[in-house]
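Trainee: Please take me through one part of this protein in detail. I would like to know what surrounds it.

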Amino acid sequence: MTKDNLLGGAGPATRAIHLGYDPASENGALTPPIYLTSTYAFETAEDGVATFAGERAGYVYGRSRNPTQAILEARIADLERGEAGLALASGIAAITATILSLAKAGDLVLVDQVIYGCSYSFFANHITRFGVEVVFADFTDPDALEAEFAKKPALVFFETPSNPNMRIIDIRRIAQMAHAVGALCIVDNTFSSPIIQQPIALGADIVVHSATKFLGGHGDLLGGIVVGSAKTIAAIRNAGLRMITGATISPFNAFLILRGLKTLSLRMKAHCASALAIAEHMSANPAVRAVHYPMLPGFKDVALARSQMSGGGAVVSFQLVGGREMGMRFINALKLIKCAVSLGDAETLVQLPAGMTHATYTEEERRRFGIPEDLVRLAVGLEDIEDLLLDIDGAFESIGSARTGTGG
């Protein structure tokens with residue numbers, strides 16, 4: 001029995017550390033090596049021809065696959081409960097390579113109306129130039145989607161929780177509706193990570209990630225992941241990666257994401273605990289008009305969130321009394337927490353989606369799709385919770401003093 005077979009019943013933290021690599025295969029090196037090569041030599045011309053034909057296992061060129069990348073792909077596929085994985089240069093590369101591989105002119109792609117701003121721009125402004133029709137709809141109301149599914153989309157795409165307003169979508173229900181009309185169901189699982197949500201286990205066909213976020217975990221790399229059936233991943237590798245985008249992940253970034261996976265389980269527990277504490281703290285503040293966090297008691301979708309997630313994740317969104325101007329004042333008054341547009345880092349980050357990550361939506365689209373102009377998104381990091389709460393309370397005190405004119 002191989003080591004990977006023994007890991008079949010192990011927990012996710014153990015599998016993220018050990019799966020897909022045997023130190024004995026690399027001179028006893030405990031950490032998988034970085035393969036810094038662009039091409040691979042064959043013993044004979046016959047070996048080369050057989051490898052190119054897929055009749056012989058092996059590597060041919062760095063744009064398609066690299067041994068460091070292969071270990072990463074095996075581990076993330078296992079964590080997501082998929083057959084195979086594909087690592088790419090960024091999260092957007094993962095999404096675009098997938099859609100460009102699977103959609104063709106004349107196809108309909110059904111997309112939830114609230115997704116990351118650059119993902120929205122791709123679907124709204126770019127893939128449509130190639131004859132693909134895109135329809136945006138509210139996936140939080142499956143009963144209202146019957147007419148859209150009756151149009152028989154080829155692909156269905158959504159995030160849950162959604163960026164930035166933390167809506168929760170019923171993965172199992174949407175996947176069932178997609179399969180009933182022959183569509184593939186694609187879920188962006190970046191906000192949750194496979195530690196707290198596995199969409200494929202709930203019926204989804206494909207999962208995508210910005211590995212830049214929690215999988216890497218340190219804000220020092222770019223990467224993307226796609227997980228699905230072996231057949232689907234082969235199609236995306238050969239078309240979307242190899243021929244269309246060329247968005248190859250660097251071996252060094254694959255190495256860094258492998259390092260990030262080793263602490264992913266520990267980090268997600270810490271992110272979730274601190275985010276929930278901050279959400280509860282914010283909810284008790286009269287200066288806060290609304291708090292959006294999946295595991296917060298009273299959150300609209302808390303029952304659904306608890307049914308498909310084991311934690312609420314790191315992102316808390318909220319709105320302040322006083323609107324967008326007060327939100328910007330709050331951001332500017334923070335000292336420890338930095339204004340930046342990522343998440344999943346060790347550092348806590350804050351931003352205003354309407355003017356930053358979701359500025360690709362028009363003002364009318366944001367209003368129609370439920371992305372408030374005054375929404376503030378806080379991506380909770382790994383600092384001591386006492387220090388984060390002190391910084392948050394200090395910012396509220398500062399803007400409160402500025403508003404009343406009592407500051408010294």
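Mentor: UniProt, in an unreviewed entry, lists Lys213 for "modified residue: N6-(pyridoxal phosphate)lysine". UniProt positions follow the numbering used here, feature names are shortened, and annotations may be inferred rather than shown by experiment. This is a predicted model: local features need pLDDT of at least 70, side-chain atom pairs count only at pLDDT 80 or more, and totals for chains, interfaces and linings use all residues. Residues are numbered from 1 along each chain as its sequence is written, and side-chain values use heavy atoms, with hydrogens and water left out.

Where does Lys213 sit? Its place is the loop between strand 6 (206–210) and strand 7 (224–228). Helices (H or I, at least four residues) and strands (E, at least two) are DSSP runs, numbered from the N terminus. Lys213 counts as buried because its relative accessible area is 17%. Buried means under 20% relative accessible area, exposed over 50%, partly exposed in between (1.4 Å probe, protein chains only). Beyond its neighbours within four places in sequence, Lys213 is in contact with Thr190, Ser342, Leu343 and Gly344. Contact means heavy atoms within 4.5 Å.

Now look at another loop residue, Asp374. Asp374 lies between helix 15 (363–369) and strand 12 (376–379). Asp374 is buried, because its relative accessibility is 9%. Not counting residues up to four places away in sequence, Asp374 touches several residues, including Arg289, Phe318 and Arg324. The C-alpha atoms of Asp374 and Arg324 are separated by 3.8 Å, though the two residues are 50 residues apart along the chain.
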